[in-house]
Amino acid sequence: MLVISDKTVRLVLKPAVFIACLLPLMLLVVGLINDTLGANPVEAMTHVTGEWTLRFLLITLLVTPARQILKLTWLIKFRRMLGLFAFFYATLHFITYIWFEQYFDWAEIVKDIIERPYITVGFSAFVMLIPLALTSNKMMIRRLKKNWVKLHKLIYVIAVLGVLHFIWLVKADYLQPFIYGVILLVLLSYRAYQQRKPATPAEGRRCRRSSS
Amino acid sequence: MSIIIKSTSDIKSSDITSKSVYMDRRRFMQQAFASSLLLAADAMLPVWAKRWPDPAQAPFRADDKLTSFEDITSYNNFYELGTSKTDPVKNAAAFNPRPWSIAVEGECDKPGVFDLEDFIKPYALQEYIYRLRCVEGWSMVIPWVGFSLAEMLKTFEPNSKAKYVEFTTLLDKSRFPGQSRRVLNWPYVEGLRIDEAMNPLPIMAVGLYGDILPNQNGAPIRLVVPWKYGFKSIKSIVKIRFSETRPKTTWNELAPDEYGFYANVNPEVDHPRWSQKTERRIGDAFWKPKQKTAMFNGYGEQVAQLYTGMDLTKNF
Ligand code: HEM
């Protein structure tokens, strides 16, 4: 078991992870400025932000299993940041769509959200991310108590909708969404397996300690 | 002034550096293409010279600003060379479009199998500047080098049963790595109604920007039908068949509710998953809004009469 002090996490690891999470955006901005995103930069923006939204959702879901399997309790301290980055990239993805794909054609945007299943599903996922982002702070955790845990279970639904969104927008090659789908399925299965298994006293103790 | 050149081997390498000889050879190349071997011609051209530096101009020329050579050759939908748009340019080197032969079959009086050079020989090559509108909602303006499809089809003397023309792309995993995954039902097949094919607009293209067709753009020979979505303009053709029944075309068979047989550019009929009202012109700055898509991609004057009385919402 690798033990890392609170101080190291706070002063070294967290800033490092934070900067790493911003790298995809930085590369995108550099690409835009240097015009190296290829023939269709808007498509590149949509794809990069969409893919990183989905990746951050899956990475966030991976935190708890990784913490349990690798017995690295401090990993939990990154979960909120990773989840918020999923929301951050989703917001960029949505802005790209509204601004550069639709150019603020609100009638067309509403029509898309209502009529095109892949947009309906993507939009639902984005809307569900909003309450999660707004309640991702100590005050809301304290206030909502058990409801907070219930509310944040929505992330599973969001991730499923994200994969569905990807499947439905593909024209013929389903390899990419298939890979994300398999990863999500593994994460969901692990969670289902954990819930059926009665918690051992040791695990209970660790959980209590880490949430205090 | 003109120099007489009997055969390609008569050109000495010292001539290549001479500007005046080059200028003459430019002219020579334009005339000689129809009768010379592509490969032999390749060998004698200085590397910086285009094959058809100054091609004769076809009457159909879009006034739009040309899309850059780089964009045309680095952003392609050509699943035989990979499904992402940047795959074809990366995998282009792996595809060798020589040797190449084309089979002409079906309801015609002069079928046969032809070597590419013999196949192209009878036709006058011209430059056609056409808009290309992809079904995905982007567009380009491309200076093709090619010849009239109608003129070409007539030489094979289609009979009265020839109601459709079907085109097929090469099926060969060793040359098209993308075909080793069953993303589409290989080989790629496209088709036109015979009256569409006999319209003066469609061409068989063998080049772009005055030079030989890059592999990622469908070398060595492809179809270009400018009033239809890009997927109709089938690449790397090895077979042309006249038929009485409508060909089973690849995207139409894969998703008939999304990709029609006609696939005419039509801003009024949405793709089920996205609007077709607007298009992004490749090369425009990313902050610029998309532009409006024109009915028949702006070629209505030449082709609208082909569809009189047809419900284009049903026959999309
Ligand atoms: C949590 C929410 C979302 C996730 C996880 C997500 C994820 C993705 C992914 C992975 C892609 C494919 C990228 C690629 O092909 O490489 C994508 C594409 C796209 N998404 Fe989203 N997305 C979300 C929300 C939305 C929303 C709210 C909209 C608009 C209202 C939207 C519109 C699009 C569009 C237009 C594309 C491009 C489709 C195409 O290329 O044909 N997405 N998204």
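Where in chain B is the place of B:Pro99? B:Pro99 sits in the loop between helix H5 (87-91) and strand S2 (101-106) of chain B. The legends below describe close-up views of a predicted model.

Figure 1. B:Pro99 belongs to the loop that runs between H5 and S2 of chain B. B:Pro220 is found in the loop between strand S9 (211-212) and strand S10 (222-224) of chain B. Most peptide bonds are trans.

**Figure 2. Five strands of chain B make up an open sheet of mixed pairing.** The strand order is S3-S2-S11-S6-S7. Strand S3 (112-115) and strand S7 (189-193) of chain B are the edge strands, each pairing on one side only. From one strand to the next, the twist averages 15 degrees.

**Figure 3. S2(B) pairs with S3(B) in the antiparallel sense and with S11(B) in the parallel sense.** Four bridges connect S2(B) and S3(B). These two strands form a hairpin, with five residues between them. B:Val104 is opposite B:Gly112 of S3(B). The pairing of S2(B) and S11(B) also extends over four bridges. Here B:Ala103 has B:Lys239 of S11(B) as its bridge partner.

**Figure 4. Strand S6 (residues 164-169) of chain B runs antiparallel to strand S11 (residues 237-243) of chain B.** Six bridges join the two strands. In one of the residue pairs, B:Glu166 has B:Arg241 in S11(B) as its bridge partner.

**Figure 5. The ligand is surrounded by 21 residues.** The closest are A:His47, A:Glu51, A:His93, A:His165 and A:Leu169. A polar side-chain atom of A:His47 is 2.8 Å from an oxygen atom of the ligand. For A:His165, a polar side-chain atom lies 2.8 Å from a ligand nitrogen atom. A:Lys171 places a polar side-chain atom 3.4 Å from an oxygen atom of the ligand. At least two residues of the shell come from each of H2, helix H3 (79-101), helix H5 (117-134) and helix H8 (154-169) of chain A. H5(A) contributes the most, with seven residues. By class, the shell has eleven nonpolar, eight polar and two charged residues.

**Figure 6. Helix H2 (residues 41-70) of chain A packs against helix H9 (residues 175-196) of chain A.** Two packed helices are described by the angle between their axes and the distance between the axes. In this pair the angle is about 30 degrees and the axes are 10 Å apart. The crossing of H2(A) and H9(A) is left-handed. On the H2(A) side, the residues in contact include A:Glu51, A:Leu54, A:Arg55, A:Leu58, A:Leu61 and A:Leu62. On the H9(A) side, they include A:Tyr180, A:Ile183, A:Leu184, A:Leu187 and A:Arg191. The contact between H2(A) and H9(A) has eleven nonpolar, three polar and three charged residues by class.

**Figure 7. A:Lys71 has a positive phi.** The phi of A:Lys71, a residue other than glycine, is near 55 degrees. A:Lys71 lies in the loop between H2 and H3 of chain A. Most residues other than glycine have a negative phi.

How values were computed
Residues numbered from 1 in each chain as written. Chains lettered and ligands numbered in written order. Predicted model: local features only at pLDDT ≥ 70, side-chain atom pairs only at ≥ 80, totals over all residues. Heavy atoms only, no water. Axes fitted to C-alpha atoms, helices over the stretch in contact; angles between N-to-C directions. Left-handed = near helix turned anticlockwise from the far one by under 90°. Contact = heavy atoms within 4.5 Å. Nonpolar A, V, L, I, M, F, W, Y, C, P; charged D, E, K, R; others polar. Near = heavy atom within 4 Å. Polar contact = N/O pair within 3.5 Å; in protein donor to acceptor, adjacent residues only side chain to side chain. Pairing = 2+ DSSP bridges.
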